[in-house]
Amino acid sequence: MPRCLKSMLAGVLAASLCLGAASWAKARENSIRLKHIEEETRLVARQFATRVRSELEKHRIALQQMARFLDDRPEVTQEEFSRLGAATLKLTPLFLRVSAVGASLRVRWIHPLEANRSLVGFDVRTHPQGHETVLRAMQTRGPALSPPLSLLDGPQGFVLAAPVFRAGVFGGAVVGTFRSSDFFRAMVLPEALERYEERVLDSGTTVFDSGPSVPSGPPVPVVGEKLDFRGRTWELSVRPRPAVVQNGLRTGRAAFWTLAWLLALAAGGIAGAGASFGASLAARFRSQRLALDEARQRLDGAMQQLLQAEKLTALGELVAGVAHEINNPLAV
């Protein structure tokens, strides 16, 4: 095989091995980065669940305080309820409205009144999810959270009901109404919303969705957290947006592959030069061996000639000696 071809093959093989090792290293690095992204996503999901729970707990306490007020004062006017409702909404502004439901399960008072006057006298029994929540609050003698429902004025939301008992007798409930989009968007940090998609499900029904996007590129880790609160279980799922994952995996990619190609080229050049030098050295050794063989053959020929000459010289000396011995008697 020609020496240049051997050098080329050695260089290509070395460069390929170098690039293969770089691909393996990059795949391992991407796996480690995905794990880091998943850990960050899990942290964001826990923070989201903690904020939601603490906010629900704060609204639950405010609602129970209103229920105790109604329990202590059986006769409450709309003005008194409005003042109490205004103070409650000031402390817990995520309530869309607060309503007082009587023992007959009809809305007696509501705040704010002007925007919700048409709901006064509404029969809660005609609203299945709301009715079930009030009954559960009555049976458990504690606040109850409703499943996702359509609010009476249209949007999707949920309610929190705190029962009122007077001398152990059910006297109605105080119901706080939430609009899902307003409540959960207040729970989501703006910087988190830019980087993560957040969803809240209740028994498979979507309570909140920050805005899904079409998955693309590398697999996106999805992290879920469960939140049990007052008879309902919410599943909070958080996943980084595909652009965030892609940017995380692309960071340093250009520099990495530039360095990998430079190393591959250097390894290929070194391997090619080494192969060329090895082939040149082997050719030199072969030529030297041939020269040594030729010199050995010449020496062998010269030695044979020398031996033949020595034989002839010895023969000549022998003949001369015989002739001398013959000539001596003849001379006498």
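**Close-up views of backbone features**

**View A. The hairpin of β9 and β10 in this predicted model.** This hairpin has two residues between its strands, and R230 takes a positive phi near 50 degrees there. Strands here are DSSP runs of E with at least two residues, and helices are runs of H or I with at least four residues, numbered from the N terminus. Among the residues involved, D228 has T233 in β10 as its bridge partner. R230 is not a glycine, and its relative accessible area of 34% makes R230 partly exposed. Buried denotes under 20% relative accessible area, exposed over 50%, and partly exposed in between (1.4 Å probe, protein chains only).

**View B. S203 in the loop between β7 and β8.** The loop lies between β7 (196–202) and β8 (205–209). S203 shows a positive phi of about 55 degrees although this residue is not a glycine. S203 counts as exposed because its relative accessibility is 63%.

**View C. The cis peptide bond from H111 to P112.** This bond has omega near 0 degrees. P112 is located in the loop between β2 (107–111) and α3 (113–116).

**Notes to all views.** Residues are numbered from 1 along each chain as its sequence is written, and side-chain values use heavy atoms, leaving out hydrogens and water. In this predicted model, local features need pLDDT of at least 70 and side-chain atom pairs count only at pLDDT 80 or more, whereas totals for chains, interfaces and linings use all residues.

Note on methods:
Two strands pair if DSSP finds at least two bridges between them.
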